[in-house]
Amino acid sequence: MSVSTRIAAGFAALTAILLALGVYALVQIGDVRTTVDLIVERDLASMEALNRIDHALSRKVEQRSALVQSFLTGNNAGVREATTGWRAAIDEAQRGIAEQERAAEAYRANSVTGTRSELWARMVRQLADAERALAQTRADVETQLAAVNNNDRAAVLAIEADIVRDHAGTVARVSQARETLNVAIEKGRDATRDVYNASRLSIILGLFVAIAIAIGVAVTTRRSIVRPLDSFMGFVGRIGEGDLSTTTDATGNDELGRLGRTLNDMVGGLRTIATQNRAATNDLNAATTEIRASTQEQAASVEEQLAAVQETAATVDEITHSGAQITRRAQEVIAQAQATAQVSDAGLSAVGDTARAMDAIREQAEAVATNIVALSEKTQAIGDIIATVNDVSERSHLLALNASIEAAAAGEQGRSFAIVASEMKLLADQAKGATRNVRSILGDIQRGINSSVMLTEEAVKRVASGKERTDAGHAAIEELAARVQENVQTFQQIVASTNQQQIGIEQVTIALQNIREASQQTASSTRQLDQAASDLGELSRALVGLTERYRL
Amino acid sequence: MSAPPIVADGLDADAIAAILLARQRALSRPPADERAQETLLAFDLGGVTHGLPIDCVRSVAPLPKVTRLPHAPPALLGLVAWRGTVVNLFALAQVLDRDSSGPAAMIVLRHDTPRIALAVDTLAGVVTVPQDDTPPTLTRLVAEGDARLTRVDPALLIETLLPSRLQEG
C-alpha cells in the first residue's frame, strides 16, 4: 500500500468517525427535544384544563350565591336565571374533570418516566374523588333547588352548610390534582435533564473514542513512513561518509520501495563513478610520473642535441670541402663515361657476330639430328637381320642334332659323320652366342642413339636460347650506351647542383646557429616543464588520497 | 640349304688340314671305359635335363602346328604333320609329371604304328654315358662326369603312352 493511499485511508477513517459522532449527537438532540416537547405539551394542556375547571367551579359558586340571594329577596326571575347559569357551570366543570381524567389516563399509559406515570395515576384518582365530590355537591344543590321551589327557607339554609363543605372538598381535590401536576412538571424537568446528561456523556465518550482511533491511525501511518525513512537517512549518511559498499532494503512497490531502489541505483552509479575515478586517478598519477621521466629524458636529450648541433656544424664544414671534391670527381667521371660509350659500340658489333655464329651452330645441330634419325632407322634394319641370323642358327642346331641321330643310326660307318655333326652343333651354338652378343650391342647402340637425339634437340633449344640471350645482350648494350650518355648529362647536372649545394650549405650553417640558440631556449623550457610535472605529480598523489576515501 | 660358305671363307688350307687331323684322331681313339657306352639325346623338360637313347630317335624338329583331338587322353596333345605323315604328339612333361615351361621342339621316335612324337622344351645335344645292366625302369638317374641327367627308357615309355588296344591297331 502506497504512502498516499495510507494517508488517504487515515483521513477517511477520521472523517467517518467524526461523521458518525455528529449523526449520533443530532439523534440525541432530537431525542431530547422530542421528550421536552412531549412533557411541555402535556403539562401545559393539563394546566389549562385545571384552570378551566377552577374557573367553572368559581362561576358555579357565583351563580349559586346569586340564586340564594335572589331567593332571599324574592326575585323569582333571578332564581331561574341563576339556576340555569348554575347548571351550565356545573356541567362544564364535570365535563372538564372527565376530560382531564381521560387525558391523564392516556398520559399514564405512555408516560416518559415511571415516576410521571405514577403521578398521572395519582392525578386520575384525585380527579375521580373530585368528580364524586362535585356530584355530591350537585345532589346537595338540587335538594336546595327543590327547597327553593317549595319556598322552604329553613331547608334552604339547612342544606347550605353541606353544600359549602362539599364544594370545599371538590376544590381541595382539584387543588391536590394541581399539586400533583406541579410535581409532575418538576419530574418532567428532571427527566429532561437526565436525557440531556445521558446524551452529553455518550457524545463525550464517542469523542474520546474518535480521538483514540485518530491517534492510533496517526501513529501507524507515521511509523510506516518514518521507519523506512530513518533507514534511508542512515544509508544516505553512510554514503555521505564515503561508504559505497552497502545497499539499502528496497522492498514493496510503494513510493518508499521505489525510493530505496532509486537510492540503490544511485549508489551503484556512484560506485561505478568512484571506481572509474580511482582508476583514472591512478592512471593520471602514472602518466604524471611518465611525464616527469620524459621531461628529464628530454632535458638530457636537449643537451645531446646541443652537442649534436656543434658536431653538425663541423660536419657541414667538411661537406663544403667534399663538395669541391665531388665537382672534380664528376668531371673525371664525365670523361670516363664518354670512353665507355665508345667501348660499348665495339661491344655491339661483337654481339652481332655472336648471334650469327649461334645461327650457324643451330643449323649444324639440326643436320646432326637428321643424320642420327637415319642411323636409328638403319639399326632397326640391322635388328631384323639379326633375327633372321638367329633363326638360321636355331635351324642349324636342329640340323646338327638330326645329323647326330642319322650318324648313330648308321652305326660304325657313321662315326666320322657323327664328329662332323658335333662340330656343326658347336658352330651353331657359337653362331647363337654371337647373335646374342650382337643383339645386346645393338640395344646399347639404339639407347645411345635415342639419348643422342634428345641431346641434339636439347642443343638446338639451347642454341635458340643463346640466340635470345645474345639479342637481349645486344639490346642491353644499346641501353647501356644510352644510359652512359644520360649519365654524362646527369653528371653535368651534378656539377651544377654541387655549386648550388655550396650556397645551400652556407645557409645551413646560419640555420644551425639559429638551431643552437633555439636548443638553449628549449633546455630552459624543459626545466620549467620538469618543475610543472613535479607539481602535477604532487596534485595527482593528493587526488589518489582523496579517491581512497571511498570504500567500494 | 646349300653348303655354308661363311665357314669356309675364313679358313686356309692349313686350318682345314688341322681340322681333318683332329677328326681322324678322335675317330681312332679307343673308348676310355671298358664298359659298354650308350649315346643319349639330351633335352630339357621343366628345367631338368633328360636323356633318351639316340637309337630310338628318328628325328628332331621344331614344334609345328598341332591339331587337337576331341576326347583325347590328357597326355595326347594332338596330331602333327611331319614329312608328309601324321604323327601323334604326346606331352612328355604330362607323362613324367614335370612342370613344363612351354614346349618348343619335338622328338620323333622310331615307331611306326602308330607314329609317336614327344613335345619337349629345348633340345640340348648328344651325350655318351656308360651303360649298366640294372633292370629297366621308366626313369633312372645316370651320371656322366660332373653332369647328371634323367634317362628315360623308350620301351617302357611307349608302353605307358600306348594302351594295348592302340598298340594292336
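## Chain A

From the N terminus on, the elements of chain A run α-α-α-α-α-α. That is six helices and zero strands. The model is predicted. Chain A has 552 residues, and 14% of them count as buried. Take the contacts in chain A with a separation of 6 or more: residues 24 or more positions apart account for 82% of them.

One loop residue of chain A deserves a look. A:N151 sits in the loop between helix 3 (114–149) and helix 4 (153–241) of chain A. Its phi is near 60 degrees, a positive value in a residue other than glycine. Is A:N151 buried or exposed? A:N151 has 10 other C-beta atoms within 10 Å. A residue with 12 or fewer counts as exposed, so A:N151 is exposed.

## Chain B

Among contacts in chain B between residues at least 6 apart in sequence, 56% join residues at least 24 apart.

## Helix 4 of chain B

Helix 4 of chain B covers residues 154–161. Which of its residues are buried? They are B:P154, B:L157 and B:L161. Seen down the axis of helix 4 of chain B, these buried residues fall within an arc of 60 degrees, so they line one face of the helix.

What do these residues pack against? Their partners in chain B include helix 3 (92–96). The strands they meet are strand 2 (48–53), strand 5 (85–91), strand 6 (105–109), strand 7 (116–120) and strand 10 (147–152) of chain B.

## Two loops of chain B

The loop between strand 6 and strand 7 of chain B holds B:P114. A cis peptide bond joins B:T113 to B:P114. Omega there is about -5 degrees.

B:R83 is in another setting, the loop between strand 4 (76–82) and strand 5 of chain B. It is not a glycine, yet B:R83 has a positive phi of about 50 degrees. B:R83 has 10 C-beta neighbours inside 10 Å, so it counts as exposed.

## Where the chains meet

How many residues of chain B are in contact with chain A? The count is 15 residues of chain B, in contact with eleven residues of chain A. On the chain B side, helix 2, strand 3 (57–62) and strand 8 (122–130) each supply at least two residues. Strand 3 of chain B gives the most, with five residues. By type, the side of chain B that touches chain A divides into ten nonpolar, three polar and two charged residues.

## A helix pair across the chains

Helix 6 of chain A (residues 415–547) packs with helix 2 of chain B (residues 13–28). Their axes are 10 Å apart, at an angle of about 125 degrees. That makes helix 6 of chain A oblique to helix 2 of chain B. Helix 6 of chain A passes helix 2 of chain B in a right-handed crossing.

Which residues make this contact? Helix 6 of chain A brings A:R415, A:S416 and A:I419. Helix 2 of chain B brings B:R23, B:A26 and B:L27. Three residues of this contact are nonpolar, one is polar and two are charged.

Methods. Residues numbered from 1 in each chain as written. Chains lettered and ligands numbered in written order. Predicted model: local features only at pLDDT ≥ 70, side-chain atom pairs only at ≥ 80, totals over all residues. Axes fitted to C-alpha atoms, helices over the stretch in contact; angles between N-to-C directions. Helix = DSSP H or I, 4+ residues; strand = E, 2+ residues; numbered from the N terminus. Parallel < 35°, antiparallel > 145°, perpendicular 65-115°, else oblique. Left-handed = near helix turned anticlockwise from the far one by under 90°. Contact = placed C-beta atoms within 7 Å. Nonpolar A, V, L, I, M, F, W, Y, C, P; charged D, E, K, R; others polar. Buried ≥ 20, exposed ≤ 12 C-beta atoms within 10 Å, placed from the backbone. Arc of directions from axis to C-beta.
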